[in-house]
Amino acid sequence: MTYNSSSYTTGMDRTARSEEVCLKFPPKVISPGLTALLVQKDKLGKLMDYSGPRLHFQMVVIFVLTQIIHSLLKLLGLPLFISQLLAGILMSPVIFSDEHSLVTISEDSVAVIGSVGALGFMFFMFLSGVKMDLRLTWKSGKLAIAIGLFPVLVSLIFWLMTVKTLHPGGNVFSNKIFHLAVTYSGTSFPVIHSLLSELKILNSELGRLGLSAALIGDMVTLVLTMFSVWVNTGIQKGSKDVLFDVGMAMLYVCILVFVLRPGMKWMVKRTPEAGQIKDTCFYIIILAFMISPRFTALFRVYFFYGPFIFGLAVPDGPPLGSALVEKLDPVVSGLLMPIFATTCGMRFDLSYFKYSTKYAYHQAVGAVVTLIIKFGVSLLLPLLCKMPTRDSFALAFIMISKGIVEMGSYSIMNDSRIISEDIFAHLTIVIIIVASVVPIAVKKLYDPSKKYLCFQKRTVMNSRFNQELRMIGCVHVPGNVNSIINLLNASCPTRECPIALDVLHLVKLSGQATPLFIAHHNQQKASSNKSYSDNVVVAFKQFERDNLGAVSVNFFTAVSPWNLMYEDTCNLAMDRLTSFIILPFHRRWYSDGSIESEDQTLRSLNFDILERAPCSVGILVEGRRNIKGSNSKDTLSPSNSSSYAIAVIFLGGEDDREALALAKRFSQDESVSLTVIHLKAVDSLEFFLAEDERMLDKEMLKDIKASVPLTYIEEHVKDGPETSTFLRSIVKDYQLIIVGRRYRSEDAITLGLEEWCEFREIGIIGDLLSSSDFFGNFSLLIVQQQRKRN
């Protein structure tokens, strides 16, 4: 059976567009297996005649090539997208002839892998719409609106002027020129979001500004794209057809906004609080998405944006948006999109540069001019608003970034004959260069951790004793609320030594693309109707009322990815002039030593904060529950005892001195019984401590002995095992034990214990006291003094 290849072309069969390809029906899908092919001579060739094995083989080659290339290019800071494109180029006839290429002109290679990649791109655009919250456009600042709007419009105008200069007699709205110009000057939110995520600056100050500007720019690009399609329709068919197309597109949007979105909100309302969306609702939405391309064609909506617009109608965040993202994103981003990116690279052919037309060169020049103008406008606007020069340059690079969305757009235009092969080749080179340069430039220009390098001492030791101690309490789960409240109750805050507590509720970003930071005391509402921290606010408000005049509480909620939550914590500590951050430990135990709960992502977050915090940090290890599964009282609960027994394990060093300073603040109330346990090495091993450190330790011990009533215990030990034996005998007498982290501190007292240390973030002594060998219903606070940085 004979077909002209243009009837099913996906762009990879560029050499056969004027040829006829013979297809055999019914097509061969599943092979009879290697056993049946053993008797045949050309086993691999026969096996590749079947579309199933061919697709599987192509997928394996795609992922192997991509990982090999990325393992080399990631050392240069290049994104995975570049490796996927280069893998496609290597699989194309640029390297292999058509007869040896993995993508020969056949139904199997062209129709099957092309369709799989196209399906992945449709899902990607749909999920991009699901993650976006259009209500943030109204909350974007003036600078974000200006950066999102003006670079797109100004660069578009300059490109049209360039076209007029190169083609004085031409019509800028003919031959799809305007539509192509929009793709040059437009901004893609998914591309910028992916860039910021890969650079780990998504919820930094620059990242938030870039996301807001990208959201505005993407909406402007969407409107201009639809306008370019309608203009081209008007040129070809007339004004009546344009009005009809506009009316049908508006009808499509109205159906999504007033019919489908309320229906999906109704599904959300029927979902129990903190529950999962029903599978039936999930399947209904997927079915609606799968048939959306047909409706976009029916309603005259540009098919490139059809799934994207449908995704915008889905309520973002939990339970519906997060369920869609969590179930679909691993398959789409991990399997389907790499195939699509690689098939885009398969379309590229260097041979077309030899026969490029003058028009193709003009298009390449126009693309470069548009990028330069857009970069200049994106740079000028923040500079006028007094943004630092390096940050302004980094933001300008972010706004001109190109990626998979632009590559997909040009591939679709290539398949649709909107652009020729030589134009596609030029634009592919432009995208590869821009996508490679931008991440490297942004990483060199912008380092968010530099703002944490403050020269001011923000420690408990350096805070004035008669002034409030500014603290941050980080909350992840409801159990953390009681732990922090009980710790502060144990400190017995007074009007003479008050505490200013900032409660930061850290919530994982799920089902949406834009991080949120909500300051509840400023009555800043979230961009949606979701309430993240009501229970946390109620609990700490009650704590504030119980300690009226001694404690003031402010509430914040940060919704961001787990691996970037340290940015929210450290930024808040900088803005609020915080001296001490309380972090919950990632593991909780029962009294018999068994693990109640554990979260490795929380442990990674604690490490990030310890490394970057602009102040002192404490990790709170909760006391063990008495009865497994019961709601036993906490060790630090005021109802447990009229007196709190607090012990400080002092070995020496800056972290231990910070622990003593904190204990001094905690022991101002008569109900607190403080014990300082000073562990000293035997005389022959005291050389481990430097002379200046010993002098500072003596001064600190002398000061606390003169300031507060305490019990002082001095114990000489010779090594780690002896230290362990002594501590095991005394820890059961206390409700709260405070120790310094002392990470990487060489000491005879801990000699032999470091090799058994499981949790480096709480130090050797902290790890020892939290082990199952130490029985006792006590809580543990590990203190790290503000780190000195160059």
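Predicted model: local features only at pLDDT ≥ 70, side-chain atom pairs only at ≥ 80, totals over all residues.

Color helix H21, residues 534–546: both partners lie in it, three residues apart, or about one turn of the helix. Glutamate 544 has a relative accessible area of 17%. That is under the 20% cut-off, so glutamate 544 is buried.

Next, select arginine 603 and glutamate 761. They form a salt bridge, and their closest N and O atoms are 3.1 Å apart. Arginine 603 sits in helix H23 (residues 600–612), while glutamate 761 is in the loop between strand E14 (736–740) and helix H27 (763–769), so this pair ties together parts 158 residues apart in sequence. Hide the surface to see them: arginine 603 and glutamate 761 are both buried.

Which residue forms a salt bridge with arginine 742? Select aspartate 656: the closest N and O atoms of the pair are 3.9 Å apart. Arginine 742 is in the loop between E14 and H27, and aspartate 656 is in helix H24 (residues 654–666), so the pair links distant parts of the chain, 86 residues apart. Arginine 742 and aspartate 656 are both buried.

Last stop: select Arg587, Glu598 and Glu758. Salt bridges with shared partners join these residues into one network. To continue on your own, the structure holds 19 salt bridges.

Technical notes: Residues numbered from 1 in each chain as written. Heavy atoms only, no water. Salt bridge = Lys/Arg side-chain N within 4 Å of Asp/Glu carboxyl O. Helix = DSSP H or I, 4+ residues; strand = E, 2+ residues; numbered from the N terminus. Buried < 20%, exposed > 50% of the residue type's maximum accessible area, 1.4 Å probe, protein only.
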